[in-house]
Amino acid sequence: MLLQDYSDIFAPQGPLAESVSHYRPRQAQLELAQAISQTVSEAGVLIAEAGTGTGKTWAYLVPVFMGGGKALVSTGTRTLQDQLYRRDIPHLRKALALPVDVALLKGRGNYVCHYHLERLGQDDRALKSRTEVGYLRAIQLFAERSRSGDKGELAEVPEDADIWHRATSTRENCLGQDCPFLRDCFVMKARRHAQEADVVVVNHALFMADLALREEGVTDLLPSVDLVVFDEAHQLPDVATRFLGSSVSLYQIVDLCRQIEAAGLAQARETVDWSAVARKLEQAARDLHLCTASLARQGGRATFQALPEPDAFDQALEQLLETFDKVIKMLAMVAERHPDLTAAHKAGLDLRARLFQWSQPDRQGRHAYLPDDSDEREQADQAVRWVESGQHYLRLHSAPLSVAKIFSRYRGKEQSWVLTSATLSVHGDFNHFKRQLGLFDARTEAWPSPFDYANQALFYVPSTLPLPSHPRFNEAFVDALMPLIEAGQGGVLVLCTTLRSVERIADMLRDRFEQRDIERSVLRQGERSRQVLLDEFRARGNAVLVGSASFWEGIDLPGDALTLVAIDKLPFAPPDDPVLEARINECRERGGNPFMEYQLPEAAIALKQGAGRLIRTERDWGVLMVGDTRIVDKPYGKLLWRGLPPFARTRDPARALAFLHEHRRKRQAESSRGEPSAQEAAPE
């Protein structure tokens with residue numbers, strides 16, 4: 001497609017303008033679309049930072065639609081995936097009048113499984129409450145009438161309801177070609193459509209699951225494509241680390257024991273005492289848990305090398321593996337009798353393999369495409385192992401020290417990649433992101449936001465707050481925040497770096513509101529699901545929402561729904577994170593500076609994400625308050641605030657209050673004149 005054609009599509013009188021009221025042509029949007037088109041023609045890699053308001057979704061969808069090849073679009077979350085598939089793509093397809101076949105594909109845990117749903121309905125003991133009885137009936141009716149089987153379409157049953165674990169399948173307990181419901185399988189239907197479609201919409205978790213499976217020689221999850229677009233690409237390094245690692249939990253083993261007992265008693269009762277077999281495996285797992293009791297008292301997490309009582313742990317782990325071997329042999333003798341026994345045997349083999357892999361550090365991350373004596377193999381094989389233990393849980397984790405070589409080698413020679421987000425660079429420098437994913441030869445481009453940040457927003461850092469390490473920091477932070485809350489209108493989002501701070505700051509705000517008779521609700525992360533909290537926040541209009549990591553991004557609250565964002569501390573990753581600790585140590589060992597190479601860039605990108613919640617449209621306004629004075633007082637602070645949008649800046653509380661009062665009066669005047677709200681005026 002010629003670049004001139006893109007100018008016509010994005011023109012003031014083009015098809016997009018005709019399909020949307022309040023459409024405004026944006027040069028950045030056009031240039032991004034043209035850059036993507038050029039990348040496709042060259043079969044290259046483009047890393048594109050597109051500031052909020054540039055219209056990056058349509059900028060990449062137009063080349064995807066017009067390119068002619070098969071494309072895959074990967075989003076950061078399932079919520080964004082659904083929005084893209086159900087809102088953005090149908091609108092654009094209609095505007096361009098193109099017969100593009102688009103498929104939506106999620107992980108198998110998102111689709112109702114006919115086989116497991118039938119088993120659930122036949123087991124009177126499987127339902128834990130009257131609520132679950134109602135949920136089961138709703139899922140059964142949904143499975144009968146739904147074409148997709150996607151649980152996200154069934155609003156009556158919450159997506160995080162425990163019953164979904166029993167009404168869906170996993171890779172381990174799926175019967176595959178032996179399933180009696182194979183012809184009706186929603187997962188198989190979704191994958192077949194994905195193979196046939198022009199465009200496939202997935203999420204990063206599924207993409208990385210496919211990458212991990214390909215490492216094991218499994219290649220039937222995602223189709224081959226000519227172009228991959230990663231939206232919200234800043235999440236890729238963390239998602240890749242998670243999916244290219246491994247995890248085994250006490251819960252998984254206990255759940256397997258229940259599965260073995262139920263299948264054995266129902267289908268092979270006469271062979272062995274399956275209850276005793278399951279109890280022995282569960283006891284071996286609980287003995288391993290007991291060996292970590294001192295760890296639970298010392299904070300609950302430690303690397304494998306730092307485990308207390310390592311000899312006892314090693315012995316218990318070896319005993320668990322031996323017990324697994326005996327149980328799997330028993331299951332192998334009866335596995336062909338019934339699909340339930342087949343599934344139990346398959347699940348046992350998989351869990352035992354992951355447990356053994358975790359116990360063998362030299363087996364972590366082996367890659368068939370690297371020769372045995374390769375230096376690259378040695379680097380790729382480096383992994384960190386750690387244990388998490390509490391009163392009721394035990395988890396064994398491993399993760400690669402770097403995902404760069406694995407990720408970068410996944411791209412086909414003739415395949416184009418586009419990675420886009422509003423936060424990929426550190427003050428215009430993309431080296432940190434490129435290094436994380438091994439995309440050293442990628443082309444990088446950046447388009448700033450079109451918003452008038454200098455007039456729309458104020459960046460405020462109080463000058464009198466103590467350092468975050470001070471015992472009175474939270475109290476001082478709330479004291480500095482209260483005048484802004486009282487002066488402003490609309491919603492307030494308080495972003496914290498730890499869950500402990502979320503709880504303390506929320507409690508302090510509630511106390512202050514009660515003392516001063518302020519009629520504002522305080523919503524706190526953890527009290528309800530994230531989506532319920534956001535829905536209530538929008539509905540109330542002037543609530544205060546206090547949240548941690550999951551609220552720093554993916555939240556779109558335009559207009560008066562959000563006029564004040566307050567960040568308590570600079571978002572440096574916790575130093576006790578095992579993966580971070582291992583990466584810091586590796587950096588030091590090779591003579592690098594881990595703070596400048598890793599910790600500071602990560603904090604800068606996270607800070608940009610948090611700050612990006614404030615201004616979402618051309619008519620938004622508000623104050624961004626950061627309570628951590630290191631952003632001004634420390635030399636490295638300049639690298640952090642220079643990476644933020646170009647807000648007006650102050651340390652004077654009087655100026656921050658005056659800004660809020662002034663914009664509040666402006667908004668009230670606009671309302672009295674009947675001018676459109678920010679939501680109504682927002683361009684697509």
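## Strand β5 and its partners

In this predicted model, phenylalanine 230 of strand β5 is the bridge partner of serine 74. A further pair between these parts of the chain is formed by alanine 71, which stands opposite leucine 227 in β5. Strand β2, covering residues 71-75, and strand β5, covering residues 227-231, pair in the parallel sense over 4 bridges.

Strand β5 is also joined to β10 by 5 bridges, and these two strands likewise run parallel. Here valine 229 stands opposite valine 418, a residue of β10.

## The sheet as a whole

These strands belong to an open sheet of 7 strands with parallel pairing, in which the order is β3-β4-β2-β5-β10-β1-β11. The edges are formed by β3 (102-104) and β11 (443-447), each of which pairs on one side only. Direction ignored, neighbouring strands of the sheet are turned by 15° against each other on average.

Strand β5 is mostly covered, with 5 of its 5 residues buried.

Helix α4 (residues 56-66) lies across β1, β2, β4, β5 and β10, and runs at about 170° to β5. Helix α10 (residues 204-215) lies across β2, β4, β5 and β10, running at about 95° to β4.

## Helix α6

In helix α6, which spans residues 114-122, the residues His114, Tyr115, His116, Leu117 and Leu120 are buried. What covers the buried residues of α6 includes the helices α7 (130-145), α8 (164-167), α9 (186-196) and α16 (339-359).

Methods
Residues numbered from 1 in each chain as written. Predicted model: local features only at pLDDT ≥ 70, side-chain atom pairs only at ≥ 80, totals over all residues. Heavy atoms only, no water. Pairing = 2+ DSSP bridges. Axes fitted to C-alpha atoms, helices over the stretch in contact; angles between N-to-C directions. Contact = heavy atoms within 4.5 Å. Buried < 20%, exposed > 50% of the residue type's maximum accessible area, 1.4 Å probe, protein only.
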